[in-house]
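Student: I would like to learn how to read the features of a model like this one. Could you take me through it step by step?

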Amino acid sequence: MVKQHVEGLLAFGVTHVPSAAASPAVLGRAGQGRDAKTERLARLAEEVERCRRCPLYRTRTHAVVSDGTPQARLMFVGEAPGRDEDLQGKPFVGAAGQLLTKMIVAMGLRRDAVYICNVLKDRPPNNRTPLPEEVEACRPFLDTQIDVVAPQVICTLGAVATKALLGPYVSITKIRGEVREYRGVRLVPTFHPAYLLRNPPAKKFAWADLKKVKQLLEEQ
Ligand code: URA
């Protein structure tokens, strides 16, 4: 078990993990607004279930809204549910999700101490890239998630999420690791874990970006 954990960290290019003392930095102030946030997000999940703003509801198995805690100070935003996520109704549970979990652990955090969601809440058929009109139809849900959770830092995963929040002309390879802003929240783009699975040498850049995220959290 421990061996596996260490191997996972090494696979992500991590040779040093900060002590568990770093975790509370990611949790919100004890209990503050917890019930209101949880209730608002539960209502949002019901709205997503009823949503007919684009045709993706017709082909989904489950809508995929979020994982983690509404108390999080760090929010990860991915692209859209894939096959595993559609089947389980939970974001980032497939191979890319397992790498994301390793990335979170490598930061010295726990997956259940952050908030994880996607730009799209329903899976596009065959995992095709989300269409601009699907992104716009789903944007109010993401904006509400950001406003309710009110994280200190958003980390966008990959080009689709980064363009959705920063505009269509940004390039993930150019701006990854830079500190930008969306809805008054500081945002750091990094590579998508699915890309990192295909291009392991890029993990060192993602690790640099995650260290930047951690630094921003520790500044607060
Ligand atoms: N890729 C994403 O962007 N989101 C998921 O939830 C899973 C894979």
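This is a predicted model: local features need pLDDT of at least 70, side-chain atom pairs count only at pLDDT 80 or more; totals for chains, interfaces and linings use all residues.

Student: How many cavities of 30 Å³ or more does a search of the whole structure find?

Tutor: The search finds 1. The space in the largest cavity comes to about 120 Å³. It is lined by 14 residues, and those closest to its centre are Cys51, Cys54, Asp122, Cys138 and Phe141.

Student: Which helix gives the most to the lining of the largest cavity?

Tutor: That is α5, residues 132-149, which contributes 3 residues.

Student: Cysteines keep turning up there. How many disulfides does the structure hold?

Tutor: The general idea comes first: a disulfide is a covalent bond between the sulfur atoms of two cysteines. In this structure there are 0. Take Cys54 as a case: the closest cysteine sulfur belongs to Cys51, and at 6.4 Å it is too far for a bond, given that the cut-off is 2.5 Å.

Student: Is Cys54 buried or exposed?

Tutor: Cys54 is buried, because its relative accessibility is 16% and the cut-off for buried is under 20%. Cys155 is buried as well, at 0%.

Student: Where can I see parallel pairing?

Tutor: Look at β4 (residues 153-157) and β6, which run parallel and are joined by 5 bridges. Within that pairing, Leu157 sits opposite Thr190 of β6. Another parallel case is β2 (residues 74-78) with β3 (residues 115-118), joined by 4 bridges; there Val77 lies opposite Cys117 of β3.

Student: And which strand runs antiparallel to β6?

Tutor: Strand β5 (residues 180-182) does, with 3 bridges to β6. Arg180 has Leu187 of β6 as its bridge partner. The two strands form a hairpin with 2 residues between them, and Arg183 in the turn has a positive phi of about 50 degrees.

Student: Why is β6 described as largely enclosed by the rest of the structure?

Tutor: Count its buried residues: 5 of the 6 in β6 (residues 185-190) are buried, so the strand is largely enclosed.

Student: Let's turn to aromatic rings. How many aromatic pairs does the structure hold?

Tutor: There is 1, formed by Phe191 and Tyr195, with ring centres 4.9 Å apart and 45 degrees between the planes, which makes it tilted. Phe191 is buried at 8% relative accessibility, whereas Tyr195 is partly exposed at 28%.

Student: Finally, what is the volume of the largest pocket?

Tutor: About 310 Å³. Its lining has 18 residues, with Ala80, Pro81, Gly82, Glu85 and Asn127 closest to the centre. The elements giving two or more residues to that lining are α3 (83-88) and α4 (95-106). By class, the pocket lining has 7 nonpolar, 6 polar and 5 charged residues.

Notes: Residues are numbered from 1 along each chain as its sequence is written. Side-chain values use heavy atoms; hydrogens and water are left out. Buried means under 20% relative accessible area, exposed over 50%, partly exposed in between (1.4 Å probe, protein chains only). Two strands pair if DSSP finds at least two bridges between them. On a 1 Å grid over the protein atoms alone, a cavity is a set of points where a 1.4 Å probe fits but cannot get out, and a pocket is an open set with protein on both sides within 12 Å along at least five of seven lines; lining residues have an atom within 4 Å of a point. Grid points are joined across faces, edges and corners, and a volume is the space filled by probe spheres set on the points. Ala, Val, Leu, Ile, Met, Phe, Trp, Tyr, Cys and Pro count as nonpolar, Asp, Glu, Lys and Arg as charged, and the others, Gly among them, as polar. Rings of Phe, Tyr and Trp (its six-membered ring) pair if their centres lie within 6.5 Å; planes under 30 degrees apart count as stacked, over 60 as edge-to-face and the rest as tilted.
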